[in-house]
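Please read the following briefing alongside the sequence and the coordinates.

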Amino acid sequence: VDTSCWLKNPEIAEWLQQHDMTDAELFDYFWQNVTSEVIPGLEGRKVGVWQSNKLDIKPTLLPKGSFGNVWQDPKMMGPVIDGGMPVVLSGTYYLDQDNSATAAGPCKAYAWQQTWKCMYQEEPFDQLTQEQWSSLIGLETTMWGEGVNRFDFEARVWAKAAAVAERMWSNQNVNDVAEAQVRLDRHICRLNLMGVHAGPIIPGFCSSDVDGEAW
């Protein structure tokens, strides 16, 4: 949040002056009120806040059980955890980007359809000490709407989302790209047969690509 915008609003600027408060203090005031006035009415809900390349929100202002969603640099997971909150890592797995921010090698590949390998090879635990591991409560993959519409959504999401899901839901030693490629290629055919317009990752074809009568 660019809190300086509030100073350009005459009503808010006047309110700040009346309460002897800065724009930064208003940001803290907002979260204090969310914690005391809003959260108690949302039974069973937890607060998740985006944390970029700095600690945007003080963990002490948030209700117990809140977590940080690290959406930029994975290295921020450690400071967020040390600040008192568990984390969800999402930035490494944004599907609207060609490749992830930290992987090397395969991310420089020419073919767009090979960029799933970049996200598959991410090792989030490498950014944490062993003592911090238990505070990584999840990984999240997301597609943002700027680069997709109803015509290309499925092809842009799949197969990268499937590759990320395999890493998220598997043991840490399930990380071989060559083995994953065979599984992922088969899975794309399954998705196509189900009517999902997943894009290919290697040369080849699925039975659903062939005209029914000719097949």
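A residue is called buried when its relative accessible area is under 20%, exposed when that area is over 50%, and partly exposed in between, using a 1.4 Å probe and protein chains only. By this scale Asp20, with a relative accessible area of 71%, is exposed. The model is predicted, so local features need pLDDT of at least 70 and side-chain atom pairs count only at pLDDT 80 or more, whereas totals for chains, interfaces and linings use all residues. Residues are numbered from 1 along each chain as its sequence is written, and side-chain values use heavy atoms, with hydrogens and water left out. Helices (H or I, at least four residues) and strands (E, at least two) are DSSP runs, numbered from the N terminus.

**The disulfide and other cysteines**

- The structure holds one disulfide, a term that stands for a pair of cysteine sulfur atoms within 2.5 Å.
- This disulfide joins Cys189 to Cys206, with an S to S distance of 2.0 Å, and both Cys189 and Cys206 are buried.
- Because Cys189 lies in helix α8 (residues 177–193) and Cys206 in the segment after α8, the pair ties together parts that are 17 residues apart in sequence.
- The torsion about the S-S bond of Cys189 and Cys206 is about -85 degrees, and the disulfide is therefore left-handed.
- Cys118 is buried, at a relative accessible area of 0%, while Cys5 is partly exposed, at 41%.

**Helix α8**

- The expected span of a helix is 1.5 Å times one less than its number of residues; for the 17 residues of α8 this gives 24 Å, which agrees with the 24 Å that separates its end C-alpha atoms.
- At the N-terminal end, α8 is capped by Asp176, a side-chain oxygen of which lies 3.0 Å from the backbone nitrogen of Ala178.
- The buried residues of α8 are Val177, Ala180, Leu184, Ile188, Cys189, Leu191 and Asn192.
- An α-helix has 3.6 residues a turn, so residues three or four places apart point the same way.
- Among the elements that cover the buried residues of α8 are α5 (116–120) and α7 (160–168), where contact means heavy atoms within 4.5 Å.
- Just after α8, Gly195 takes a positive phi of about 95 degrees.

**The sheet**

- Four strands form an open sheet in the order β1-β2-β3-β4, and the pairing is parallel; two strands are said to pair if DSSP finds at least two bridges between them.
- The edge strands of this sheet are β1 (48–51) and β4 (136–139), each of which pairs on one side only.
- Neighbouring strands of the sheet are turned by 30 degrees against each other on average, direction ignored, the axes being lines fitted to C-alpha atoms, for helices over the stretch in contact, and angles running from 0 to 180 degrees between N-to-C directions.
- Strand β1 pairs with β2 (residues 67–70) in the parallel sense over four bridges; Gly48 stands opposite Phe67 in β2, and Trp50 stands opposite Asn69 in β2.
- In a regular strand the side chains alternate between the two faces of the sheet.

**Helix α2 and Asp20**

- Asn9 caps the N-terminal end of helix α2 (residues 10–18), placing a side-chain oxygen 2.9 Å from the backbone nitrogen of Glu11.
- Asp20 lies in the loop between α2 and α3 (23–38), and although Asp20 is not a glycine, its phi is positive, at about 50 degrees.

- Gln132 lies in the loop between α5 and β4 and, at 9% relative accessibility, counts as buried.
- Not counting residues up to four places away in sequence, Gln132 touches Gly78, Ile81, Asp82 and Gln127.
- The side chain of Gln132 makes a polar contact with the side chain of Asp82 at 3.0 Å; a polar contact is a pair of N or O atoms within 3.5 Å, of which, within protein, one must be able to donate a hydrogen and the other to accept it, and residues adjacent in sequence count only if both atoms are side-chain atoms.
- The C-alpha atoms of Gln132 and Met21, 111 residues apart along the chain, are separated by 36 Å.
- Pro79 is found in helix α4 (residues 77–82) and is partly exposed, with a relative accessible area of 34%.
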